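Hello,

I am handing over the structure we spoke about. Please have it open while you read the notes below it.

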Amino acid sequence: MKNKPIITGSILCMIASVSWGAMFPVAHIALQQIDPFYFSFLRYFFVTVILCGLLWIKEGFSAFRLEGRGKALVFFGTMAFTVYNMGVFLGQHLMGEAGTIAASIMEVLMPMISILLLSVTTKKLPPSYTWTSIAIALVGALLVITKGSLAFFATASEQVFPLLLIFAGVVGWVVYSLGGGHFSNWSTLRYSTLTCLLGTAVSFVIITIGSLFQWIPVPSWESMMSVKYEMAFMVLFPGLAALLSWNAGIKALTPLNGILFINLVPITTLILMSFQGYEISMFECYGTLLVIFALIRNNHFQRKQLGHRVAAREKGKRSISSIPS
């Protein structure tokens, strides 16, 4: 019985990570038919509808009250469902097939980015082992992006903007994840639903203005129907199932254990890309392994440090209890 939560949590985190890993190859197919902005908006429009229905059934209409926290919800919702969504998929589209793997690698860098953001907000530098792990991860990411070729730097100006878009999107999702701590008295479903609803509303404003000024091409009905299966996958698996599975899995395993499953994201992406006919270079494989190694390494030292703290705390308790009253 003690192993049941661990097994359940592991399965849930694996479902979420594999879904996110499959997201980028599937998006690559869809983005050849539909503009990234509309693709991003439509994806979370349907997710919003489903989440709103689930929240209404589970917690009632009162759960939709903002309770004076509307600005924060709009901010965090925009970070996740506008900045992340549009930034990642637009950057991926601009880079082509290489952008698919680059986007998945950026996902694995999220824990490292979280550590850096927390160090900025808390004004406390991370330990030396984290800096080393970040350096290793960056080398791995560079190998994936450049494919080990110096020729990349000759055309770097063409790739910098898409990479910055993907990076900005990933940072947006990290900010959103950290923002959940400000709503700890709310259920995960309520925070997810309201931020998704408001973030999608911001996306709607963007595509409406962009379409009116003809900055964004409006997809035809035929174009939207041509990606109906890809859109269904994006809505049901990376959009809905992954979100709920990840939150439940992390709760069962704790973030320290659950975060390791994020390594399945680039592995899944590479496997699916190979099936799609993409020739994966050895440098992309080596770079992916380096990023995975960096995350596992950092996690190992975190566990070791946590173990020392627990041991010191237990020793202190024993010392206090041995003092005669």
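The count of salt bridges in this predicted model comes to one. The side chains that meet in it belong to Glu67 and Arg190, at 3.1 Å from N to O. Glu67 sits in the loop between helix H2 (36-59) and H3, while Arg190 is part of helix H8 (residues 188-212), so the pair ties together parts that are 123 residues apart in sequence. Arg190 counts as buried, with a relative accessibility of 8%. As background, side chains of opposite charge can pair when their charged atoms come close.

Next, the cysteines. The number of disulfides in the structure is zero. For Cys196, the closest cysteine sulfur is the one in Cys52; the two sulfur atoms are 7.7 Å apart, too far for a bond, because a disulfide needs them within 2.5 Å. Cys196 is buried at 0% relative accessibility. Cys13 is buried too, and its relative accessible area is 0%.

On the nonpolar side, the largest core has 81 residues. Trp20, Phe39 and Trp173 are the residues with the most contacts inside this core. Helix H3 (residues 70-95) supplies the largest share of it, ten residues. Which residues does Trp173 contact, leaving aside its neighbours within four places in sequence? They are Tyr44, Met79, Ala80, Phe81, Tyr84, Met110 and Leu243.

Gly169 belongs to helix H7 (residues 156-179). At 0% relative accessibility, Gly169 is buried. With neighbours within four places in sequence left aside, Gly169 is in contact with Val83, Tyr84 and Val88. From Gly169 to Ala135 the separation is 34 residues in sequence and 21 Å in space, C-alpha to C-alpha.

Last, helix H6. H6 covers residues 128-146, which makes 19 residues. From its first C-alpha to its last, H6 reaches 27 Å, close to the 27 Å expected at 1.5 Å a residue. Buried residues in H6 include Tyr129, Thr130, Ser133, Ile134, Ile136 and Ala137. Further along H6, Gly140, Ala141, Val144, Ile145 and Thr146 are buried as well. Lys147 follows H6 and has a positive phi, near 55 degrees.

Regards

Technical notes. Residues are numbered from 1 along each chain as its sequence is written. This is a predicted model: local features need pLDDT of at least 70, side-chain atom pairs count only at pLDDT 80 or more; totals for chains, interfaces and linings use all residues. Side-chain values use heavy atoms; hydrogens and water are left out. Helices (H or I, at least four residues) and strands (E, at least two) are DSSP runs, numbered from the N terminus. The expected span of a helix is 1.5 Å times one less than its number of residues. Buried means under 20% relative accessible area, exposed over 50%, partly exposed in between (1.4 Å probe, protein chains only). A nonpolar core is a set of buried Ala, Val, Leu, Ile, Met, Phe, Trp, Tyr and Cys residues joined through side-chain atoms within 4.5 Å. Contact means heavy atoms within 4.5 Å. A salt bridge is a side-chain nitrogen of Lys or Arg within 4 Å of a carboxyl oxygen of Asp or Glu.
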